[in-house]
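Colleague: Please walk me through a model, feature by feature. Give me the cut-offs as we go.

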Amino acid sequence: MNCLQNLLKEPPIVGSRSMRRPSPLNLTMVRGGSRRSNTVKTASGASTSSAESGAVEAGTEKSDTYSTNMTQAMGAVLTYRHELGMNYNFIRPDLIVGSCLQSPLDVDKLRDIGVKTVFCLQQDPDLEDFDAFDLRLRLPAVISKLHKLVNHNGGVTYIHCTAGLGRAPAVTLAYMFWILGYSLNEGHQLLQSKRACFPKLEAIKLATADILTGLSKNSITLKWESDSCSSVEISGLDVGWGQIIPLTYNKEKRAWYLERELPEGRYEYKYIVDGKWVCNDNEKKTKANADGHVNNYVQVSRDGTSDEERELRERLTGQNPDLTKEERLMIREYLEQYVER
């Protein structure tokens with residue numbers, strides 16, 4: 001049984017039976033921080049779980065915090081009880097989605113049901129498990145490794161993050177969409193029928209479009225006009241709702257500015273002015289969601305996009321995206337040739 005550690009950092013541990021058995025692994029993904037600016041901070045009121053829990057009381061507290069984080073970040077009420085042990089569901093006879101392994105007995109359980117590959121998607125800061133932007137950028141590398149491991153090992157594959165409710169279902173769904181031939185909605189319905197979860201569909205759609213049309217970025221400038229406040233920050237955009245980015249005050253223009261380079265896509269955000277979350281009436285706003293919340297948003301497009309590329313991206317990010325045989329073949333070839341940077 002192979003376990004993937006340090007996803008996107010280290011090559012998978014795959015070898016012949018004659019190879020020496022690897023030492024026990026800490027099933028944790030080490031997250032690279034080169035893309036995040038040092039000025040990004042944790043949003044006020046957002047909490048993060050401790051890296052480890054020892055006693056049952058600590059485990060219960062971690063579960064409560066983690067469940068709260070999931071609900072806030074995903075917009076859906078999902079509960080994870082770490083203290084109850086590993087839990088999982090078969091999505092297909094050869095594909096399982098579940099929570100993290102907690103003891104050597106869990107390894108034995110998975111081996112007994114035919115699992116050949118344990119694919120670990122945990123990250124050190126638990127809240128980042130819900131970061132849709134991060135997921136979008138990492139999906140090609142993740143699915144490339146998953147595809148190669150499944151082809152090498154065969155058998156049943158167990159895919160997990162911490163709770164098995166966010167990132168693991170999203171990776172599973174992307175694998176079903178890109179490799180196994182499901183339409184995105186068909187795969188999503190099957191996944192939901194087997195396990196209550198909340199995969200980030202928008203991240204999968206955008207990652208699909210990025211592969212087939214190319215990933216390019218464009219610069220945006222956001223502005224808050226005021227000289228009567230002491231701090232202006234933004235949450236959302238590409239850092240998620242659990243993080244904030246401070247704006248810079250321009251004395252001559254008497255306004256606060258943020259310049260940021262973003263890949264194509266639609267980004268929602270909200271200003272935090274002297275600690276108060278507000279929308280900017282001078283920038284585009286969303287319609288109220290089910291909870292009555294309204295955010296600002298910006299649509300980022302690349303320069304020089306052809307009509308064909310624009311139509312393809314609109315189709316792949318629409319309500320019911322599917323891939324042609326040629327598009328799925330292109331994605332498969334891209335993943336098989338993918339080399340980590």
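Modeller: We start with the whole chain, then take salt bridges, rings and strands.

Colleague: What should I know about the source before reading any value?

Modeller: This is a predicted model, where local features need pLDDT of at least 70, side-chain atom pairs count only at pLDDT 80 or more, and totals for chains, interfaces and linings use all residues. Residues are numbered from 1 along each chain as its sequence is written, and side-chain values use heavy atoms, with hydrogens and water left out.

Colleague: How many helices and strands are in the chain?

Modeller: Helices (H or I, at least four residues) and strands (E, at least two) are DSSP runs, numbered from the N terminus. The chain has 8 helices and 14 strands.

Colleague: What share of the residues is buried?

Modeller: Buried means under 20% relative accessible area, exposed over 50%, and partly exposed in between, with a 1.4 Å probe and protein chains only. Of the 341 residues in the chain, 50% are buried. For areas, the method is Shrake-Rupley with a 1.4 Å probe; for residues, only the protein chains shown count as cover. The chain exposes about 17400 Å². Carbon and sulfur atoms supply 48% of that.

Colleague: What do the contacts say about sequence separation?

Modeller: A contact means heavy atoms within 4.5 Å. Take the contacts with a separation of 6 or more: 72% of them come from residues 24 or more positions apart.

Colleague: How many salt bridges does the structure hold?

Modeller: A salt bridge is a side-chain nitrogen of Lys or Arg within 4 Å of a carboxyl oxygen of Asp or Glu. The structure holds 18. One of them joins Asp 94 to Arg 92, with the closest N and O atoms 3.0 Å apart. Asp 94 is partly exposed at 31% relative accessible area. Arg 92 is partly exposed too, at 22%.

Colleague: Are Asp 238 and Arg 260 buried or exposed?

Modeller: Both are buried. Their side chains meet in a salt bridge, 2.8 Å from N to O. This pair links distant parts of the chain, 22 residues apart. Asp 238 is in the loop between β8 (232-236) and β9 (240-246), while Arg 260 is in strand β11 (residues 255-263).

Colleague: Next, the rings. How many aromatic pairs are found?

Modeller: Rings of Phe, Tyr and Trp (its six-membered ring) pair if their centres lie within 6.5 Å; planes under 30 degrees apart count as stacked, over 60 as edge-to-face and the rest as tilted. The whole structure has 6 aromatic pairs. Among them, Tyr 88 and Tyr 158 are edge-to-face, at 6.0 Å centre to centre and 80 degrees between the planes. Tyr 88 lies in strand β3 (residues 88-92) and Tyr 158 in strand β6 (residues 156-160), so the pair ties together parts 70 residues apart in sequence. Tyr 88 is partly exposed at 29% relative accessibility, whereas Tyr 158 is buried at 0%.

Colleague: Why is the pair of Tyr 249 and Trp 256 tilted?

Modeller: The pair is tilted because the planes are at 50 degrees, with the ring centres 5.0 Å apart. Tyr 249 is partly exposed at 30% relative accessible area; Trp 256 is buried at 9%. Elsewhere, ring pairs link Trp 224, Tyr 269 and Tyr 271 into a cluster.

Colleague: Why is strand β12 largely enclosed?

Modeller: In β12 (residues 265-273), 7 of the 9 residues are buried, so the strand is largely enclosed by the rest of the structure.

Colleague: Which strands are joined to β12 by bridges?

Modeller: Two strands pair if DSSP finds at least two bridges between them. β8 and β12 run antiparallel, joined by 5 bridges. There, Val 232 stands opposite Val 273. β12 also runs antiparallel to strand β14 (residues 296-300), with 5 bridges. Strand β13 (residues 276-278) is antiparallel to β12 as well, through 3 bridges. Tyr 271 has Val 278 as its bridge partner in β13. β12 and β13 form a hairpin with 2 residues between them, and Asp 274 in the turn has a positive phi of about 50 degrees.

Colleague: What stands opposite Arg 266 in β14?

Modeller: Gln 299 does. Arg 266 also lies over the face of Tyr 297, 4.1 Å from the ring centre. For that label, NZ of Lys or CZ of Arg must be within 6 Å of the ring centre and within 35 degrees of the ring normal.
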